[in-house]
Amino acid sequence: MQPVTKLRLLGIRLGVLCLASYWIAIFVGTHLPKLPSAMPKLNDKVMHFTAFFGLAMLLCYCTNSPRVWRRFPLIVAMCLVYACVDELTQSFVRGRHSDPMDFLADMAGTVTAVVLYATVRWFWLGQRDADDSVASTSAT
């Protein structure tokens, strides 16, 4: 899989830098002993859903493959494996514990992001192809 974006910062694609920074941030955030009191009070499941929605969306954006229907299941699988590892390693942190409902929230965020990205991509490519065919017929 190759990154889509061509923008670079210090020779590294910007999308990949954003993905790496985001992934590190959610790893650190889920392994802190206690959430800082300055954080807004959000439901834990909403935070898990949002974190994995963002992770899956960035993975979709930063990867490219001509085999779309192979790419998206790989992204889902990668996020779900990470969600399992994340939940298991949280039990080693004082004040944290593994929760199967957190995993379900992670899965819901991942699947929602991939389905949304794939749907928007499908409509966008369909519209682009339609615009290209109209432009080519009007040029002749």
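Predicted model: local features only at pLDDT ≥ 70, side-chain atom pairs only at ≥ 80, totals over all residues.
View 1. Beyond its neighbours within four places in sequence, T30 is in contact with D86, Q90 and R96. With D86, the side chain of T30 makes a polar contact of 2.7 Å. T30 belongs to helix α1. Its relative accessibility is 14%, so T30 counts as buried.

**View 2. A nonpolar surface patch that includes F27.** The patch is formed by I24, F27, V28 and L32, which together present about 340 Å² of accessible area. F27 is placed in helix α1, which covers residues 14-30. F27 counts as partly exposed because its relative accessibility is 38%.

**View 3. The salt bridge between K45 and D99.** The closest N and O atoms of K45 and D99 are 2.8 Å apart. This pair links distant parts of the chain, 54 residues apart: K45 is in helix α2 (residues 44-62), whereas D99 is in the loop between α3 (68-90) and α4 (100-139). K45 has a relative accessible area of 27% and is therefore partly exposed. D99, with a relative accessible area of 18%, is buried.

**View 4. The salt bridge between D102 and K45, and the network around it.** The side chains of D102 and K45 meet in a salt bridge with an N to O distance of 2.8 Å. Here too distant parts of the chain are linked, since D102 lies in helix α4 and K45 in helix α2, 57 residues apart. D102 is buried, its relative accessible area being 3%. Through shared partners, salt bridges join D44, K45, D99 and D102 into one network. D44 counts as partly exposed, at 29% relative accessibility. The search of the whole structure finds three salt bridges.

View 5. C18 takes part in no disulfide, and the nearest cysteine sulfur, that of C62, is 7.3 Å away. C18 has a relative accessible area of 41% and is partly exposed. For C79, the closest cysteine sulfur is in C60; the distance from the sulfur of C79 is 7.9 Å, which is too far for a bond. C79 counts as buried, at 0% relative accessibility.

How values were computed:
Residues numbered from 1 in each chain as written. Heavy atoms only, no water. Patch = residues over 30% accessible without salt bridge, like charges linked within 9 Å, V, L, I, M, F, W, Y side chains within 5 Å. Areas by Shrake-Rupley, 256 points an atom, 1.4 Å probe, with all protein chains shown as cover. Salt bridge = Lys/Arg side-chain N within 4 Å of Asp/Glu carboxyl O. Helix = DSSP H or I, 4+ residues; strand = E, 2+ residues; numbered from the N terminus. Buried < 20%, exposed > 50% of the residue type's maximum accessible area, 1.4 Å probe, protein only. Polar contact = N/O pair within 3.5 Å; in protein donor to acceptor, adjacent residues only side chain to side chain. Contact = heavy atoms within 4.5 Å. Disulfide = S-S within 2.5 Å.
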